[in-house]
Amino acid sequence: MSVRELVVLGTASQVPTRHRNHNGYLLRWDGEGILFDPGEGTQRQMVRAGVAAHDLNRICVTHFHGDHALGLPGVIQRINLDQVPHEITAHYPKSGQRFYERLQYATPYRATVVITEAPADGDGVLAVTPSYTLDTRRLSHSIESYGYRITEHDGRRMLPERLAAHGIKGPDVGRIQREGSLGGVSLEDVSEVRRGQRFSFVMDTRLCEGVFALAEGCDMLVIESTFLDEDEQLAVEHGHLTAGQAARVARDGGVRHLVLTHFSQRYTDPGGTSRTESGGEFERQARAAGYEGELTVAHDLLRVPVPKRR
């Protein structure tokens, strides 16, 4: 059975806290696992979340600040220790090649797996698989940073009433799907386009064209909201977003499920679970910005299902 869900491994920004690990996000997409921004401690968080090295098919790094990449050595060494048999591809800013190489070989280990390198060098498509396209957009941070988007290929939805009107039933339904026509009836006559799902991952950035492009039409948008709105000047200075800014991006892009994460250590309880000073403010400010879709203020080890197709 296909599974599409986000497994949140860590939600802290620059400094981890007692309750928030550095970044780490696994997207389960049917039979694939795509690991985004493995910060320090990701390997242990994977164990706690029940995620194995064998679950990984791609690693996507937005940029090479430590909270987004210092977990790479442990993850890569675990992949080799477990002798993962299938291909794993690493994506990251090409300008950070030297950092990737240093992290890949931070300490000695027995290399048993070749990880394919496919760095991002400007906006564009990074990979096309039988089920999705992975593309990237440049963001606006203090160093070169990219966001990622997965777009499922469009399919077709069979329409029972049209099938019945043309007398097509049983095995003939599968036949017309495979062959494109049957007895003078085309596939288009008895079906409609089923829009592919879209998932986007946006970390450290100011508001910019790339953020809006990645968010457009997403079923799920995972996006940083390092600061609350009253700290917007800090966000601009350090190349980050506020909760309200992230929510406006989601609102304007028609996002169905917004996931806020990457919280500054100054906020002790972004989700509001313990009623502390900042508790619930991220959700409140996101709603105040006009976002009306599904909203999750992430916490470590949370699992969030990707919304079902429209």
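Author: Let us begin with exposure: a residue is buried under 20% relative accessible area, exposed over 50%, and partly exposed in between (1.4 Å probe, protein chains only). The model is predicted, so local features need pLDDT of at least 70 and side-chain atom pairs count only at pLDDT 80 or more, whereas totals for chains, interfaces and linings use all residues. Residues are numbered from 1 along each chain as its sequence is written, and side-chain values use heavy atoms, with hydrogens and water left out.

Reader: Is Arg-303 buried, exposed or partly exposed?

Author: Arg-303 is partly exposed, with a relative accessible area of 38%. Glu-5, by contrast, is buried at 14%.

Reader: How many salt bridges does a search of the whole structure find?

Author: A salt bridge is a side-chain nitrogen of Lys or Arg within 4 Å of a carboxyl oxygen of Asp or Glu. The search finds 16 of them. In one, Glu-5 pairs with Arg-303, and the closest N and O atoms are 2.9 Å apart. Glu-5 belongs to strand β1 (residues 4–10) and Arg-303 to strand β18 (residues 303–305), so the pair ties together parts 298 residues apart in sequence. Strands (E, at least two residues) and helices (H or I, at least four) are DSSP runs, numbered from the N terminus.

Reader: Which residues form salt bridges with Asp-135?

Author: Arg-137 is one of them, with the closest N and O atoms 3.0 Å apart. Arg-149 is another, at 2.9 Å. The latter pair links strand β9 (residues 146–152), which holds Arg-149, to strand β8 (residues 132–138), which holds Asp-135, 14 residues away. Both Arg-149 and Asp-135 are buried, Asp-135 having 6% relative accessibility.

Reader: How is the packing of two helices described?

Author: Two packed helices are described by the angle and the distance between their axes. Axes are lines fitted to C-alpha atoms, for helices over the stretch in contact, and angles run from 0 to 180 degrees between N-to-C directions. Here, the axes of α9 (residues 243–253) and α10 (residues 281–288) come within 8 Å and cross at roughly 45 degrees. The two helices are therefore oblique to each other (under 35 degrees is roughly parallel, over 145 roughly antiparallel, 65 to 115 roughly perpendicular, and the rest oblique).

Reader: Which residues make the contact?

Author: Contact means heavy atoms within 4.5 Å. Ala-243, Gly-244 and Ala-247 of α9 meet Phe-282, Gln-285 and Ala-286 of α10.
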